[in-house]
Amino acid sequence: MGIPSVVLFCADISAPSSAISNYYNPDVIHLGDVWGLEEDALPAVDLVLLGPPCQPFSALVTNRTEVDPRAGLFARGCQLATATRAPLIIVEEVRTILRGKCCQYWKAGVRLLCRAGYQVTWDVYTPKLWGLPQSRRRVYLVATLGASLGTPPSCTGIPCMRLEDLLAGRLPK
């Protein structure tokens, strides 16, 4: 998106994903499976981008008969992100995480961020608004440390401000 950045580390157990990361960021440190990471081993960073697996929350999965172990990766990612004390955390996930039984995982991640002192807001967008070839709606969460986004939201899914206002620099007074 034109923002200068340096990728310091990533955590993925998928060999193809790691290969793509290596191609574009040859100096990146691969941390591997997030369940085995020690929080104090993570470096301090300015920004954490999280993209937990969407399969546990996808509307395409209609015959959920057991808990998908990947569902806990949303909260685990939030937990690890707070350990870096990054001033900004951005998470992208399918919007169905906000509904029904899936919402328990959303609430757990938001609670972790709030307890660590982050101000949290979220909203649902279609990535094609930013010129990306993706028409499925996603929820985007923005968590800031040390910068107020207004009153923190309840865990009902009602944001305290719109993400488009945040991205446009229209912060509450």
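**Exercise 1. In which sense do strand 5 and strand 6 pair, and over how many bridges?**

Solution. Before we start, keep in mind that this is a predicted model.

Step 1. Look at the two strands side by side: strand 5 and strand 6 pair in the antiparallel sense, over eight bridges.

Step 2. Pick one pair to see this in the model. Thr 121 has Val 142 of strand 6 as its bridge partner.

**Exercise 2. Find out how many helices and strands the protein has, and write down their pattern along the sequence.**

Solution. Step 1. Count the elements: the protein has four helices and six strands.

Step 1. Read along the sequence, and the pattern is β-α-β-β-α-β-α-β-β-α.

Step 2. Of its 173 residues, 35% are buried. Among contacts with a separation of 6 or more, 62% are between residues 24 or more positions apart.

**Exercise 3. Work out the strand order of the open sheet formed by four strands, and name its edge strands.**

Solution. Step 1. Begin with strand 3 (residues 47–50) and strand 4 (residues 88–94), which run parallel and are joined by four bridges. Two of the pairs you can look up are Leu 47 with Leu 88 of strand 4 and Val 48 with Ile 89 of strand 4.

Step 1. Move on from strand 4 to strand 6 (residues 138–145). These two run antiparallel, with seven bridges between them. Ile 89 turns up again here, as its bridge partner in strand 6 is Ala 143.

Step 2. Strand 3 and strand 5 (118–125) are the edge strands, since each pairs on one side only. On average, neighbouring strands of this sheet are turned by 15° against each other, direction ignored.

Step 3. Return to strand 3 and compare its faces. Val 48 and Leu 50 make up the covered face, while Leu 47 and Leu 49 make up the uncovered one.

**Exercise 4. Describe how helix 2 and helix 3 lie on the sheet.**

Solution. Step 1. Follow helix 2 first: this helix lies across strand 3, strand 4 and strand 5, and runs at about 175° to strand 3.

Step 1. Now take helix 3, which packs on the sheet and touches strand 4, strand 5 and strand 6. The direction of helix 3 makes about 145° with that of strand 5.

**Exercise 5. How are helix 2 and helix 3 placed relative to each other, and which residues make their contact?**

Solution. Step 1. Find the axes of helix 2 (residues 73–84) and helix 3 (residues 103–115): they come within 8 Å and cross at roughly 10°.

Step 1. Angles under 35 degrees count as roughly parallel, so helix 2 is roughly parallel to helix 3.

Step 2. List the residues. Helix 2 brings Phe 74, Ala 75, Cys 78, Gln 79 and Thr 82 to the contact, and helix 3 brings Tyr 105, Trp 106, Ala 108, Gly 109, Val 110, Leu 112 and Leu 113.

Step 3. Sort the residues of this contact by kind: nine are nonpolar, three are polar and none is charged.

**Exercise 6. Check the cysteines: how many disulfides does the structure hold, and is Cys 78 buried or exposed?**

Solution. Step 1. The structure holds zero disulfides. For Cys 78, the nearest cysteine sulfur is that of Cys 114, 9.9 Å away.

Step 1. Look at accessibility. Cys 78 has a relative accessible area of 0% and is buried. Cys 114, at 30%, is partly exposed.

Step 2. Go to Cys 103, which is found in helix 3. Buried means under 20% relative accessible area, so Cys 103, at 11%, counts as buried.

Step 3. See what surrounds Cys 103. Leaving aside neighbours within four places in sequence, Cys 103 is in contact with Ile 97 and Leu 98. Its C-alpha atom is separated by 9.1 Å from that of Phe 57, which is 46 residues apart from Cys 103 along the chain.

**Exercise 7. Where is Arg 85 found, and what is its phi?**

Solution. Step 1. Locate Arg 85 in the loop between helix 2 and strand 4.

Step 1. Check the backbone: Arg 85 has a positive phi of about 55°, although this residue is not a glycine.

Step 2. Finish with accessibility, where Arg 85 counts as partly exposed at 44%.

Notes
Residues numbered from 1 in each chain as written. Predicted model: local features only at pLDDT ≥ 70, side-chain atom pairs only at ≥ 80, totals over all residues. Heavy atoms only, no water. Pairing = 2+ DSSP bridges. Axes fitted to C-alpha atoms, helices over the stretch in contact; angles between N-to-C directions. Parallel < 35°, antiparallel > 145°, perpendicular 65-115°, else oblique. Contact = heavy atoms within 4.5 Å. Nonpolar A, V, L, I, M, F, W, Y, C, P; charged D, E, K, R; others polar. Disulfide = S-S within 2.5 Å. Buried < 20%, exposed > 50% of the residue type's maximum accessible area, 1.4 Å probe, protein only.
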